[in-house]
Amino acid sequence: MMSNQSLQRQQGMALFQVLLMVAIISVLLIIMSQQTQSSVSRAQTMQQQVETQLALESSAAYVDSLLLSNEWLSARSDESHPLHQINFYGGKTSVALPERLAYAALNYQVSLQLQNEASLFDINYRPNDVQQLLLLQGIEAAQAEAMIRELKDYLQRPDAMLIQQLGDLLQLSLWDVATLDRIAPFVSVNAPTFNPVWAPDELLPILLSQGQADTIRSLRKTNEISAGLLQEFAAERDVLDSGIFPGVSQRVRLTSENTGLQLYREVDYRPRHPSPLRRHAKQFRQE
């Protein structure tokens, strides 16, 4: 017969094994629970993102209808109009959306930014201004000069074509993706006729003296659209021809103020054209 001491030892070992198995099963259950929670969280995040994307697409259609059916400069001065205080130099404006279920994910409001394409530096026609932009972006003077010299040499070749898209600059040895990303918001390949009135704030130090740039920023804060905007740009050769009216080509950003998800598009608004709306680019971005 087994002694009491031996029996107690076996019972102790059995109890230890049971407790160990319970601990292992508990750990496995905790891991499975965490994985399930993580999967549910990811699914909820994806669902929210899809809902926000669809809501932004719907809000884009709503904003397009407003821009196609209203005179822009009159609407931006009308306090009762949905487009009140919109601008065309990239400043943010909150636009109230109709209280429809489609806009619930946006809390019935979206942030709108419009950038007039013709108020950006055209790579093909304003390389000297692009050189100043490179300096503002932190490129060393010698490097910026060499890059612009290479660009001019490329454009002046007998068989050369104009730059058709910004990525074409990567054919040149001194240009890289990082530089293009830095200057992309401020340059164009579709703006041969320059209208400086709606140039983004970042370009004002290149176009104007410090005092003139400060004047423009002050006018913009008060939603001013009078000839005062033109006076500061009097040195620009074609400014009086361009006037204060923005062109048909706009870079449009609609941003969910809840999540920071942004719908970026490049659009031509042509109300009197048989095809009044023409889109050139579209992508979602996360601010």
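Tutor: Happy to! Let's start with helix 7, residues 210-221: at 1.5 Å a residue, its 12 residues should span 16 Å, and its end C-alpha atoms are 17 Å apart, which agrees. The expected span is 1.5 Å times one less than the number of residues. Helices (H or I, at least four residues) and strands (E, at least two) are DSSP runs, numbered from the N terminus.

Student: Which residues of helix 7 are buried?

Tutor: Ala213, Ile216, Leu219 and Arg220 are buried in helix 7. They cover an arc of only 120° around the axis, which puts them on the same side of helix 7. That arc is taken from the directions from the helix axis to the C-beta atoms. Buried means under 20% relative accessible area, exposed over 50%, and partly exposed in between, with a 1.4 Å probe and protein chains only.

Student: And which ones are exposed on the other side of helix 7?

Tutor: Gln210 and Lys221 are exposed there. After helix 7 comes Asn223, whose phi is positive, near 65°.

Student: Before we go on, what kind of model is this?

Tutor: It is a predicted model, where local features need pLDDT of at least 70, side-chain atom pairs count only at pLDDT 80 or more, and totals for chains, interfaces and linings use all residues. Residues are numbered from 1 along each chain as its sequence is written, and side-chain values use heavy atoms, with hydrogens and water left out.

Student: Good to know. Back to Arg220: what does it touch?

Tutor: Leaving out residues up to four places away in sequence, Arg220 touches Tyr89, Val197, Trp198, Ala199, Pro200, Asp201 and Leu204. Contact means heavy atoms within 4.5 Å. Arg220 is buried, with a relative accessible area of 9%. A polar atom of its side chain lies 3.2 Å from the backbone oxygen of Val197.

Student: Let's switch to rings. How many aromatic pairs are there?

Tutor: The structure holds 6 aromatic pairs. Rings of Phe, Tyr and Trp (its six-membered ring) pair if their centres lie within 6.5 Å; planes under 30 degrees apart count as stacked, over 60 as edge-to-face and the rest as tilted. One of the pairs is Tyr62 with Tyr103, which is tilted, with 6.4 Å centre to centre and 55° between the planes.

Student: Where do Tyr62 and Tyr103 sit in the chain?

Tutor: This pair links distant parts of the chain, 41 residues apart: Tyr62 is in helix 1 (residues 4-69), and Tyr103 is in the loop between strand 1 (93-96) and strand 2 (109-116). Tyr62 is buried at a relative accessible area of 17%, and Tyr103 counts as buried at 3%.

Student: How about Tyr89 and Trp198, what sort of pair do they form?

Tutor: Tyr89 and Trp198 form a stacked pair, 6.2 Å centre to centre, with 15° between the planes. Here too distant parts of the chain are linked: Tyr89 is in the loop between helix 2 (72-75) and strand 1, while Trp198, 109 residues apart from it, is in the loop between strand 4 (187-188) and helix 6 (204-207). Tyr89 is buried, with a relative accessible area of 13%, and Trp198 is buried, with 2%. Ring pairs also join Trp72, Phe88, Tyr89, Trp198 and Tyr269 into a cluster.

Student: Which charged ends sit over rings?

Tutor: Among them is the charged end of Arg126, over the ring of Phe194 and 4.0 Å from its centre. Another is the charged end of Arg285, over the ring of Tyr264, again 4.0 Å from the ring centre. A charge sits over a ring if NZ of Lys or CZ of Arg is within 6 Å of the ring centre and within 35 degrees of the ring normal.

Student: One more residue: is Asp268 buried or exposed?

Tutor: Asp268, which lies in strand 6 (residues 261-269), counts as buried at 5% relative accessibility. Its side chain makes a polar contact with the side chain of His280, at 2.9 Å. A polar contact is a pair of N or O atoms within 3.5 Å; within protein, one must be able to donate a hydrogen and the other to accept it, and residues adjacent in sequence count only if both atoms are side-chain atoms.

Student: Last one: how many helices and strands does the protein chain have?

Tutor: The chain has 9 helices and 7 strands, and of its 287 residues, 41% count as buried.
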